[in-house]
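Hi everyone, thanks for making time. Let me put today's structure on the screen, and then I'll walk you through it.

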Amino acid sequence: MPYAQTTNLSPIMENEKRLLIAGFSYSEVAERTGAKLGTIKERNRLIYGLNLRDCFRSRVERDGIKNRYGGGDAFGYWFSGYFDGE
């Protein structure tokens, strides 16, 4: 049982924790909050105690796997032609 009903976390730390629970990686959280990557890792290890694998798994189940490839068909045609020519 907590001694107080309020939290000691600053708004920045609450935002970090919320993003980590949502399944974002350390680098994505650092990019969105402006905090240092190592600082976020240490806060999670010492304060938040979140299992990132479980958080990320729930994100993938909820949102699916993102397709980060943005080359389009032109690159695919060039790539296949390059190997066909060899």
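This is a predicted model: local features need pLDDT of at least 70, side-chain atom pairs count only at pLDDT 80 or more; totals for chains, interfaces and linings use all residues.

Residues are numbered from 1 along each chain as its sequence is written, and side-chain values use heavy atoms, with hydrogens and water left out.

So, the overview. The protein chain has 5 helices and 0 strands, and along the sequence the pattern reads α-α-α-α-α. Helices here are DSSP runs of H or I with at least four residues, strands are runs of E with at least two, and the numbering goes from the N terminus. Of the 86 residues in the protein chain, 17% are buried. The accessible surface comes to about 7100 Å², and 55% of that belongs to carbon and sulfur atoms. Those areas come from the Shrake-Rupley method with a 1.4 Å probe, and for residues only the protein chains shown count as cover.

What about contacts along the chain? Contact means heavy atoms within 4.5 Å. Among contacts between residues at least 6 apart in sequence, 52% join residues at least 24 apart.

Now let's look at a pair of helices. Two packed helices are described by the angle between their axes and the distance between the axes. At what angle do helix α1 and helix α3 cross? The axes of α1, residues 11–21, and α3, residues 37–48, cross at roughly 90° and come within 11 Å. That makes α1 roughly perpendicular to α3. Angles of 65 to 115 degrees count as roughly perpendicular, under 35 as roughly parallel, over 145 as roughly antiparallel, and the rest as oblique. The axes are lines fitted to C-alpha atoms, for helices over the stretch in contact, and the angles run from 0 to 180 degrees between N-to-C directions. On the α1 side, the residues that meet α3 are Ile12, Met13, Glu16, Lys17 and Leu20. Their partners in α3 are Ile40, Arg43, Asn44, Ile47 and Tyr48.

Glu16 deserves a stop of its own. Is Glu16 buried or exposed? Glu16 counts as buried because its relative accessibility is 0%. Leaving aside neighbours within four places in sequence, Glu16 is in contact with Val29, Thr33, Ala35, Ile40, Arg43 and Tyr48.

Side chains of opposite charge can pair when their charged atoms come close. A salt bridge is a side-chain nitrogen of Lys or Arg within 4 Å of a carboxyl oxygen of Asp or Glu. The side chains of Glu16 and Arg43 form one of these, at 2.6 Å from N to O. This pair links distant parts of the chain, since Glu16 is in helix α1 and Arg43 in helix α3, 27 residues apart. Arg43 has a relative accessible area of 22%, so Arg43 counts as partly exposed.

How many salt bridges does the whole structure have? The search finds 5. Another is between Glu42 and Arg45, at 2.8 Å; both lie in helix α3, 3 residues apart, about one turn of the helix. Glu42 is partly exposed because its relative accessible area is 36%, whereas Arg45, at 57%, counts as exposed. In helix α4, Arg57 and Asp54 are also 3 residues apart, and their closest N and O atoms are 3.0 Å apart.

On to helix α2, residues 26–33. The buried residues there are Tyr26, Glu28, Val29 and Ala30, and they pack against α1, α3 and α4. Ser27 is partly exposed, because its relative accessibility is 45%. After α2 comes Gly34, with a positive phi near 85°.

Last stop, the surface. Tyr69, Phe75, Trp78, Phe79, Tyr82 and Phe83 form a nonpolar patch with about 690 Å² of accessible area together. Patches are made of residues with over 30% relative accessible area and no salt bridge, joining like charges within 9 Å and nonpolar side chains (Val, Leu, Ile, Met, Phe, Trp, Tyr) within 5 Å. Phe79 sits in helix α5, residues 72–85, and is partly exposed because its relative accessibility is 40%.

Conventions
Buried means under 20% relative accessible area, exposed over 50%, partly exposed in between (1.4 Å probe, protein chains only).
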